Amino acid sequence: MNGTLARFGRRIAPQLVTLAVVVAMIGIVFPGFFDISIANGRLYGSPIDILNRGAPVALLAIGMTLVIATGGIDLSVGAVMAICGAIAATLIVDGYSLPATLALSLGAGLLCGLWNGLLVAVLGIQPIVATLILMVAGRGIAQLVTEGMIRTFSHHGFASLGSGNLLWLPTPVVIWVCAGILATLVVRRTALGMLIEAVGINRRASMLAGVNARLLIVTVYMVSGLCAAMAGLIVTADIRGADANNAGLFLELDAILAVVVGGTSLLGGHFSLIASLIGAMIIQAINTGILVAGFPPEFNLVIKACIVLAILVLQSPALQGAAMLFSRTKGQP
Amino acid sequence: MNPRLLPLAVTVLIFVVAYAVCYAQFPAMLSTRVIGNLLTDNAFLGIAAVGMTFVIISGGIDLSVGSVIAFTGVFITVMLRDTSLHPLAVFAILLGLTTLFGAAMGMIIHVLRMPPFIVTLAGMFLARGLAYILSVDSVPITHPFYEWLQSLYWLLPGKGRLTLIGGLMLLVFAFGILLAHRTRFGANVFALGGGVQTARLMGVPVARTTVAIYALSGFLAGLSGIVFSLYTSAGYSLAAVGVELDAIAAVVIGGTLLTGGSGFVAGTLIGVLIMGLIQTYIIFDGTLSSWWTKIVIGALLLVFIMLQKGLLSLADRRRSLRASGNT
């Protein structure tokens, strides 16, 4: 048990160090950063703000990690967020009860995931291409649902999903932390995580070993759709309206970035949900840090690009091959 | 018939049928005015899609196109506003920059052996970020040379106008067709898409070809940005969001395999025109909303991907049949 814990510590150490460095740098530039206060029965402060604003990307990163671990990718999550947000806002405006609205919107997310999963697993279409279809058509569907308007609502129960408090924390934080814990327990306390990794490393071999790869792949895309639906609900509840054009725009890229920052290879295989969640927080900390440090937000994308490049260099098979060669020659005097 | 030609044939058929349906409803659709506008309105997309066709045939993808177009527009406006350089000199500097940008991405893809998807994603962030840094506002371009360029057109019979940018797109397509199907570089691109290892064994210079493909895509994205700035007379860092997706969709609808190794530059032109036709129809109709464009394009994408999938499995089956017949 101690060995697994130590291995896990080593696995997420780079992400934790990066997060600590980013937060420390913000702390140096902006000394008031760590002030946390309690007001109106909830914690306030920049760190809490990072946790709160990072919620959509963190939720997407959970599903995206599992999809990427199977060797796939889900480009449609941003569009699925828009669809589910649009459905939720329209239903609540039409007078449906909150549980029915939530159930139907999450169901729509599952359906989107099922569609992607069937295209990838049953028809054998490349994941980038298969999810591209929903990415292109999804925003059109969302606009069809809202009839091209920005649907606003004033339902307090629903709005509290995005801006309410639970256990002294903003509700979105509680939602993504719970989803993260639940997903980690499900994949790591059962053999599910190992099977997903097996499919990602070699789908054919895993099928020969008796893994139902097809069902597994459909399931991970459905989980990704469900996570996207939750993220869409939070965004919609937060702004109290469904914006089919801009809800979740480019968040698929942030989610993929979070997974890559979390050290999961885009080629599939070994994954760590917790590292991806830390990755999501790193991205949000950089976003917030650029804002509180007084840099113009325009620098945000350039800095992100530099981070991606740095990670690419570190993760590159060419470089890892060289490092392996180096350590081998060192080991054999 | 060669099964590789079937996707192209289907694309042409869909285009002709769609145009016939539009013509039956609105006879004005066939006028050269509408055709001229179709070319002008989609010129920037078409030029970018030619570069994307090469990238996709080689088995890669380039997500940076839309951002490069936005960067181009902002770069031109800022240069024209703050320096006294002639627009032609600015164009030359800019095309050099975007070509280098593409070449750098190709270099990273080859040297680090990383998926093109994530490398060009970084390029997308970088180009859009640089555009933001240059200017956040939408800046209009007011230069006599620009106005002169915009006023150029060739009068078609029936009062239609083939504008400079529409004509430029057709020229780029002609150049792309020759480059892809009639030169050694084109053959190398197809070989690379068929499999890197095989291509290397065949003696294809993999490094040089990969860098050249992305440099070409960068160059054409820059050219597309110039056309876009001529079309809108402004530079805006938030412009052309998602153009890379439209370009990919046009390439796929044009019959190019997304797995690489097979495709047609001419098909991409028809793919672009089909997408333009959908928009024109929606404008003519007046009651349909513009979001139908996205849904129809999504549906077309699905149809073509399924068609390609079916053809591939058919070819596989034929090959295995032939193999079993030989033994």
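Helices α4 and α6 of chain A run roughly parallel to each other, where roughly parallel covers angles under 35 degrees, roughly antiparallel those over 145, roughly perpendicular 65 to 115, and oblique the rest. The model is a predicted one, so local features are kept only at pLDDT of at least 70 and side-chain atom pairs only at pLDDT 80 or more, while totals for chains, interfaces and linings use all residues. Residues are numbered from 1 along each chain as its sequence is written, and chains are lettered from A, with ligands numbered from 1, in the order in which they are written.

Back to that helix pair. The axes of α4(A), residues 77-93, and α6(A), residues 127-146, come within 8 Å and cross at roughly 15 degrees. Axes here are lines fitted to C-alpha atoms, for helices over the stretch in contact, with angles running from 0 to 180 degrees between N-to-C directions. Helices (H or I, at least four residues) and strands (E, at least two) are DSSP runs, numbered from the N terminus. On the α4(A) side the touching residues are A:A79, A:V80, A:A82, A:I83, A:A86, A:I87 and A:T90, and α6(A) answers with A:L134, A:M135, A:G138, A:R139, A:I141, A:A142, A:V145 and A:T146. Two residues count as in contact if their C-beta atoms, placed from the backbone, lie within 7 Å. Sorted by class, this contact has eleven nonpolar, three polar and one charged residues. Nonpolar means Ala, Val, Leu, Ile, Met, Phe, Trp, Tyr, Cys and Pro, charged means Asp, Glu, Lys and Arg, and the others, Gly among them, are polar.

Helix α6(A) turns up again where the two chains meet. That contact takes 33 residues from chain A and 35 from chain B. On the chain A side, the elements giving two or more residues are α6, α12 (251-261), α14 (299-315) and α15 (317-331). The biggest giver is α6(A), with eleven residues. By class, this side of chain A has 23 nonpolar, seven polar and three charged residues.

Now for chain A as a whole. It is built with 15 helices and six strands. A compact globule of 333 residues would have a radius of gyration near 20 Å, and chain A agrees, with 20 Å; the radius is taken over C-alpha atoms, and the globule rule is 2.2 Å times the number of residues to the power 0.38. Along its principal axes, the C-alpha trace of chain A spans about 75 × 55 × 40 Å. Buried residues account for 51% of the 333 in chain A. A residue is buried if 20 or more other C-beta atoms lie within 10 Å of its own, exposed if 12 or fewer, and partly exposed in between, with C-beta atoms placed from the backbone. Of the chain A contacts between residues at least 6 apart in sequence, 78% join residues at least 24 apart.

One residue to look up in chain A is A:G27, in helix α1 (residues 2-29). With 16 other C-beta atoms within 10 Å, A:G27 is partly exposed. Leaving out residues up to four places away in sequence, A:G27 touches A:F33 and A:F34. The C-alpha atoms of A:G27 and A:A130 are separated by 43 Å, and the two residues are 103 apart along the chain.

In chain B, helix α13(B) (residues 265-285) packs in two places. Its axis and that of α12(B), residues 243-253, come within 7 Å and cross at roughly 120 degrees, in a right-handed crossing. Here B:D246, B:A249, B:A250, B:V251 and B:I253 of α12(B) meet B:T268, B:G271, B:V272, B:I274 and B:M275 of α13(B). These residues divide into seven nonpolar, two polar and one charged. The axes of α3(B), residues 43-57, and α13(B) come within 10 Å and cross at roughly 145 degrees, again with a right-handed crossing.

B:R113 is not a glycine, yet it has a positive phi of about 55 degrees. It is found in the loop between α5 (87-112) and α6 (116-134) of chain B. B:S233, in the loop between α11 (206-232) and β4 (234-235) of chain B, also has a positive phi, near 55 degrees.

Technical notes:
Left-handed = near helix turned anticlockwise from the far one by under 90°.
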